[in-house]
Amino acid sequence: MKKISQGEYQLLTTKADAIDKLMQMQGVCREEISGENAIQFYCLKNGKITIINPPTRRVENDNSTILFGRVIEKDGKTYVTYYTAFSKSNNVTKLIFLLMDFLMAAISIVYVVLSKTQMYYLPILILALPLFSFKFFVGTKEEKNSKTDSEILIKELEKRVEAVNYWDK
C-alpha cells in the first residue's frame, strides 16, 4: 500500500466514550468518492477505524483508496490517528479480472464467427468491447484520483470527530 497522507485529531472525551460514539455513527456516508462510489465508516470495539468503499461481489466496483485510523490515548488526552493509502494490489486485481473478461469476449467472438452458429450473439459481443476498454481506462485512472479521494475520506473522518466533540451540545 502506498501511503497518501496521515494526521490526527483530538477528541474532547475519554477513549471508551469516543469509541462508543464512533461505533454509533457507523454506516454509509453521504459523500462519494470518484466514480460515484459510496463510502462506509466502520469503528470496532478496539478503536480501529476504517473508511472504505463498501465491499461488493463485483471486484471492479471496489475503490483502492482507504482510510485507516485508531482511537488512542496519549499524554492523558484522546486522539484519532489516521492515514490514507492506495492499494495497488486491489487495482491490479481489478485490471486482471477486466483483462480476463476481455479475453473471454474476444474468444467468444472468434468462436461465433468460426462456428457460424448463433450469429445474433456477435453484435452483443462486439458492443461489449468498448465497455471493457472504458472500464480499463477508468481502472488505470483510479490512482490519479487517489489524492482527491483521500481528501474526501479525511473530511468524512473530521465530520465524525466533530460530531463526537459536540455530542452533548
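This is a predicted model: local features need pLDDT of at least 70, side-chain atom pairs count only at pLDDT 80 or more; totals for chains, interfaces and linings use all residues.
Reader: Where does D75 sit in the chain, and what is its phi?

Author: D75 lies in the loop between strand 5 and strand 6, and although D75 is not a glycine, its phi is positive, at about 55°. As background, most residues other than glycine have a negative phi.

Reader: Okay, stepping back, how many helices and strands are there, and what pattern do they follow along the sequence?

Author: The chain has 4 helices and 6 strands, and reading along the sequence gives the pattern β-α-β-β-β-β-β-α-α-α. Of the 169 residues in the chain, 37% are buried.

Reader: Which residues touch the most other members in the largest nonpolar core?

Author: That core has 22 residues, and the ones touching the most other members are L22, F41, I49, V71 and L157. At least two core residues come from each of several elements, including strand 1 (2-11), helix 1 (15-24), strand 3 (37-43) and helix 4 (146-165). Helix 4 contributes the most to this core, with 5 residues. In soluble globular proteins, nonpolar side chains tend to be buried together.

Reader: And F41, what is it in contact with beyond its neighbours within four places in sequence?

Author: Leaving those neighbours aside, F41 is in contact with L22, M25, Q26, G27, C29, I49, T50, I51, L157 and R160. For the chain as a whole, 61% of the contacts between residues at least 6 apart in sequence join residues at least 24 apart.

Reader: You mentioned C29, so is it buried or exposed, and what about C43?

Author: C29 counts as buried, because its relative accessibility is 7% and the cut-off for buried is under 20%. C43 is buried as well, with a relative accessible area of 2%.

Reader: How many disulfides does a search of the whole structure find?

Author: The search of the whole structure finds 0 disulfides.

Reader: What is the accessible surface of the chain, and how much of it belongs to carbon and sulfur atoms?

Author: The accessible surface of the chain comes to about 10,600 Å², and 59% of that belongs to carbon and sulfur atoms.

Terms used
Residues are numbered from 1 along each chain as its sequence is written. Side-chain values use heavy atoms; hydrogens and water are left out. A nonpolar core is a set of buried Ala, Val, Leu, Ile, Met, Phe, Trp, Tyr and Cys residues joined through side-chain atoms within 4.5 Å. Buried means under 20% relative accessible area, exposed over 50%, partly exposed in between (1.4 Å probe, protein chains only). Contact means heavy atoms within 4.5 Å. Accessible areas come from the Shrake-Rupley method with a 1.4 Å probe; for residues, only the protein chains shown count as cover. A disulfide is a pair of cysteine sulfur atoms within 2.5 Å.
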